[in-house]
Each structure stands twice: as structure tokens, then as C-alpha cells.
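Dear colleague,

Please find the structure below, handed over for your use. My findings follow it.

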Amino acid sequence: MHGSRGPTAGVGGSTAEFRGNGDAVLDPELREHPRTITYLHDHHPIGAETIEVAPGILWARIPLPFRLNHVNVWLIRETDGWTVIDTGTADPAARAVWDALLGGVLSGSPIVRMIATHGHTDHVGLAGWLSEKSDEPPYLITLTEWLAAQMRVEEARTPLGTHALRFLERHGCDPETVASFGDDRRRTLTYMEPLPEAIIRLRDGDEVRFGGRSWQVMVCGGHAAAHASFWCAAEKILIAGDQVLSKISPMIGVFPAEPEANPLAEYLASLDRFRDLPPDALVLPSHGLPFHGLRVRVEELAYHHELRLTALHGLMQTPSTTMHLAHGLFPKAVADGQGRHAFAETLAHAHYLLETRAAERRTTADGKIVFAQS
Ligand SMILES: [Zn+2]
């Protein structure tokens, strides 16, 4: 197994385990299925347009003020109103689209249930605002994500503390990257409305009903501590959240608040769970286009990390700090001012190599943490 410590530890096979030779072990069943991803549509909804992706499941796209410029939300028809999954950030453009949806497709019937896949600002930033406009319907989220989102808002009120500064410095971060961690922390305040004050707690394995269907809750780590995806076995529909995206790989990072975390092990363990679902499921991801080809995408994501691990292991031939390794592993991201992401992703991969004993960690005479091949 991956030696993961998260809630998904011990699940499924070990095909994504790091082997150090760059060969991802592809699922033999893949040979039985076309190795392609088919998009349900070649376009996405614009403005307050919606596209019905399955009977009663409407797809809307909320703009985001980030490089990743949108988040998908799902509006699900109920006999007495609507279930809404995720919201976008607290941002004027996002509010404008919601106002248009509320005055358009959603008008006439109330929002009777709100659901969050996880607590990142692009998924919950407007949850409190929308909840208030909708007479505070039940809000379903994992307890961990509800608390984590509120903790990030609390943190954002103060500058980076001694622990975080020391952590970043010991890993070789340059002042620019350190500053961007601080800026990002402060921005949380801008992008988050206060969350709904009460929740219905989602747990792994729960069955929840919405839109006339029964859904199994799959709580996985890696991208967030307790991210919820929703699986409808009867109709083979996966509301994937950020856990399986169609084109990009979800951010897997280590951050100062949990400096010893191994989120990549948790993420790869979660892919093992998605690998067990029917390969022809319809996948509704939070970013990008809905698609068929879950098994193919899971293998691609596992392979993507396998390649990164192999490249990082190679770079560790010279004992180096995480930030130094990030320059080698993600040169484009660092050059594009994404040093913070590159750093956090690199450390996640380094911790995976550490836990699989492909790498070791040392402290230099001047107090820097370096990783080296073991
Ligand atoms: Zn997201």
C-alpha cells in the first residue's frame, strides 16, 4: 500500500505505487476499453445558461477571478425545488451569475438543499450568501471541510506566524514565494462569505438522496482533507468535485499548517477507489467539461504523478531543498509566478518519496531541510 494515513488508507490495489523507473502500471482492463475520453459536449454554458447533462441535472458555470477561471455547479431538480452543489467564490461576477440563475431557471421554486464537495473558496465562498437568499436550506458538507474553511478565514486575519515563516525558510523558499503565501492567506477574506452556521454532516459511505436518485458519498483526501464526491450506481453518474478533473490535475500540496502531511498517498489511494467504478460512468467534474472515460482519466492522473515522482527522484541526485527542487520540477510554474503552488506540490511529492523510502531527508548545518535519493 501507499503507507497513507488518511481516511482512504488501505483501499484498493497499488498500481500507482512508485516504482522509480517511470513505468506506470496500467490497469489491464484498460485494454478492453477505448483509451479515450469523450466529452459530453464540446462547449460549456455561458453566463446564466445551463446545460442538462442528465435528466434533471443542470450544469452552470460560475466565473472565478483566478487563473482557473470557472467552477462548475450542479442544479438538480427536485419535486419541491432545487438542490445546488457548490457555489463559486464571493466575487461580483459570480454573484451576478447566481442572481441571473435565481431570476431565471431557478425562479419559482426554492433551493431546498445545498451541498459542498469541499471547503475551498471556489466551492464554498458564496454558500452563506446563497443560503441567506434561499431561507437557509440544509447545508451538506463534511465536518472537516466546514471547519477547515472557517479555520482558513480565521487564519487570514493575521499575517503568517513564526511557524509558517520558519517552515518556508527551512525548505528554501525565497522571499517572493514567502510573500505569496502571505498574500494568498489574506485573499481568503475577500473570497469567502461567512459559511452557513449549521450543517448536515456528510460521512464516507453515507447514502444521500437528491434529484430522485440515491448517491453514495465518497470522502477522499489528497486535494482537500475530506473531499466528498457523489456516486449514483443506478445511473452510473459521478459528481466528482475536484477529485477527478477532465484536463487538469487537482492541486496536491503540503502547507505550513500540516507540515508532515503525505497528501499524495491519500490522493493515489482515492484513485484506487475511482478505478473500481464502472469505466463508462458519466463524470461531472468541478472544473472543465463533463466526460465519459473515468478509468482512462484515473490512469492518466496516476501516471501524471508517477512521472512527477520519477523526475523528482532524479533531481534528488543532488541533495536539495524543496524550493530548489520545485524550480527543476515546475520551471514554467515558478517563472509564471506560481512558485507557491510549485513549492507545495513538490513537497507533497517529496513526502511521498520519503514515505516509500525512495528518498531521505536531512538537515544541513545552516538549518535547511534537504531531500536526497536514498
Ligand atoms: Zn476547485
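Helix α4 (residues 143-156) comprises 14 residues and reaches 20 Å from its first C-alpha to its last, close to the expected 20 Å, where the expected span is 1.5 Å times one less than the number of residues. Helices (H or I, at least four residues) and strands (E, at least two) are DSSP runs numbered from the N terminus. The buried residues of α4 include Thr 144, Glu 145, Trp 146 and Ala 149; a residue is buried if 20 or more other C-beta atoms, placed from the backbone, lie within 10 Å of its own. The buried residues of α4 pack against α2 (121-124) and β7 (139-141), a contact being two C-beta atoms, placed from the backbone, within 7 Å.

This is a predicted model: local features need pLDDT of at least 70, side-chain atom pairs count only at pLDDT 80 or more, and totals for chains, interfaces and linings use all residues. Residues are numbered from 1 along each chain as its sequence is written.

An open sheet of mixed pairing is formed by seven strands, ordered β1-β14-β13-β12-β11-β10-β9; strands pair if DSSP finds at least two bridges between them. β1 (38-39) and β9 (207-210) stand at the edges with a single partner strand each, so one side of each has no neighbour in the sheet. Strands β13 (residues 282-285) and β14 (residues 291-292) run antiparallel and are joined by two bridges; Leu 282 has His 292 in β14 as its bridge partner.

Overall, the protein has 11 helices and 16 strands, and 47% of its 374 residues count as buried.

Yours sincerely

Notes: Buried ≥ 20, exposed ≤ 12 C-beta atoms within 10 Å, placed from the backbone.
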